[in-house]
Amino acid sequence: MTKIYDRVALIGLGLIASSMAHAIKRAGLAGEVVGYARSQETRDTARKLGFCDQIYESAADAAKDADLVVLCVPVGAMEQVAIDIAPALKSGATVSDVGSVKRAVIDAVAKHLPQGVHFVPAHPLAGTEHSGPASGFAELFDDRWCIIVPDLCDDAAVVEKLENLWRGMGSNVDSMDADHHDLVLAVTSHTPHLIAYTMVGVADDLRRVTDSEVIKYSAAGFRDFTRIAASDPTMWRDVFLNNKDATLEILGRFTEELFMLQRAIREGDGDHLHDYFTRTRSIRRSIIEAGQDTEAPNFGRKPAEKK
Ligand code: NAP
């Protein structure tokens, strides 16, 4: 793989940024990767792990002279970071982000960027329930999709360069407009996370089932909810606050379907339940055929990842 950018700056050094740094280095996609994180603790950990060539004490210093600056902070923190880096950006630089919501990030960031700087938002559909600089790994994006939102950039070569970076990091690349992205993600990620948070909350409230039973028998399905519900609270708070309309729309549909299933159970309508579960099973098969999960038990996770 050849070098795509001379200098890439990562603002925020958590799971996604550290995985990007590892993946960029694995494939030699940048001359240097530099970074910034707000806390001394994260900066120290990142320095110790060595996935950046240099770590700065301010976002502006990291962004200065970078050809590509990627905002890797929670969605609600994007605007302040954009304000901080704007004066330091060099003309012709590309700014991107990895936020899980796209319309709100565009509204918050685009207005602060100077003329002559390209803004190409992106969202890698890859993650784990872990966060922080020590949780990243080079393979995170392998065979996962990265969605690029190219609408704000009229230079096709700039967009192509960013797409090539994501391909170089192992991703498949697709493009979408911001509103469509937010609706798709409300279905595939945001609402499922909310349901998982709710299910785990319900089990926690249900004192008739003792805590030890919940933990002991969790492999029956609950365990995969707990994995999702262990995701970073700040990140997910910001996702719901910033993808309100799409999430509420999908939640409305979810509630209607849940009521229908509830009625089928009450009325003993086995045909309805069987037809419904047959349809959902075929969706699961399509996901496996598309290479986005495996048939292996435990959602394809290796035993080492179980802990
Ligand atoms: P993370 O591991 O929690 O890291 C977040 C980073 O942002 C940390 O370096 C943190 O700094 C910094 N940060 C937090 N609040 C900040 C603030 N108010 N101002 C400045 N910096 C702040 O998070 P992540 O999982 O990498 O997520 C980063 C972005 O990627 C989010 O926008 C998220 O929506 C998106 N994303 C996440 C996933 C996923 O599954 N995790 C997947 C795709 C996209 P300190 O460490 O110094 O506190």
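Predicted model: local features only at pLDDT ≥ 70, side-chain atom pairs only at ≥ 80, totals over all residues.
Residues are numbered from 1 along each chain as its sequence is written, and side-chain values use heavy atoms, with hydrogens and water left out. Helices (H or I, at least four residues) and strands (E, at least two) are DSSP runs, numbered from the N terminus.

**Domains**

- The protein chain is assigned domain 1 (5–176) and domain 2 (180–296), with bounds that come from an automatic or database domain assignment.
- Taken over C-alpha atoms, the centres of domain 1 and domain 2 are separated by 30 Å.
- Domain 1 brings 18 residues to the contact and domain 2 brings 18 residues, where contact means heavy atoms within 4.5 Å.
- About 1400 Å² is buried between domain 1 and domain 2, and carbon and sulfur atoms give 60% of that area. Buried area here is the accessible area (1.4 Å probe) that two parts lose on being put together, summed over both.

**The sheet E7-E8-E9**

- Three strands, in the order E7-E8-E9, make up an open sheet with mixed pairing; two strands pair if DSSP finds at least two bridges between them.
- Strand E7 (122–124) and strand E9 (172–175) are the edge strands, each pairing on one side only.
- On average, neighbouring strands of this sheet are turned by 20 degrees against each other, direction ignored. The axes behind that angle are lines fitted to C-alpha atoms, for helices over the stretch in contact, and angles run from 0 to 180 degrees between N-to-C directions.
- E7 and E8 pair in the antiparallel sense, over three bridges, and His123 stands opposite Ile147 in E8.
- Strand E8 (residues 145–148) pairs with E9 in the parallel sense, over four bridges. Here Trp145 stands opposite Asn172 in E9, and Cys146 stands opposite Val173 in E9.

- Strand E4 (residues 68–71) and E5 pair in the parallel sense over four bridges, with Leu71 opposite Asp97 in E5.
- E5 is covered on both faces: Thr94 and Ser96 are buried on one side, Val95 and Asp97 on the other. Buried means under 20% relative accessible area, exposed over 50%, and partly exposed in between (1.4 Å probe, protein chains only).
- Ser100 sits in the loop between strand E5 (94–97) and helix H5 (103–109), and Ser100 is buried, with a relative accessible area of 11%.
- Not counting residues up to four places away in sequence, Ser100 touches Val75, His123, His181, Leu185, His190, Met235 and Val239.

**Leu165 in helix H6**

- Leu165 belongs to helix H6 (residues 156–168), and Leu165 counts as buried because its relative accessibility is 0%.
- Leaving aside neighbours within four places in sequence, Leu165 is in contact with Ile4, Tyr5, Ile24, Leu29 and Leu68.
- From C-alpha to C-alpha, Leu165 and Met20 are 9.8 Å apart in space, while 145 residues apart in sequence.

**Helix H9**

- Phe222, Asp224 and Ala229 are the buried residues of helix H9 (residues 222–229).
- Seen down the axis of H9, these buried residues fall within an arc of 160 degrees, so they line one face of the helix. The arc is that of the directions from the helix axis to the C-beta atoms.
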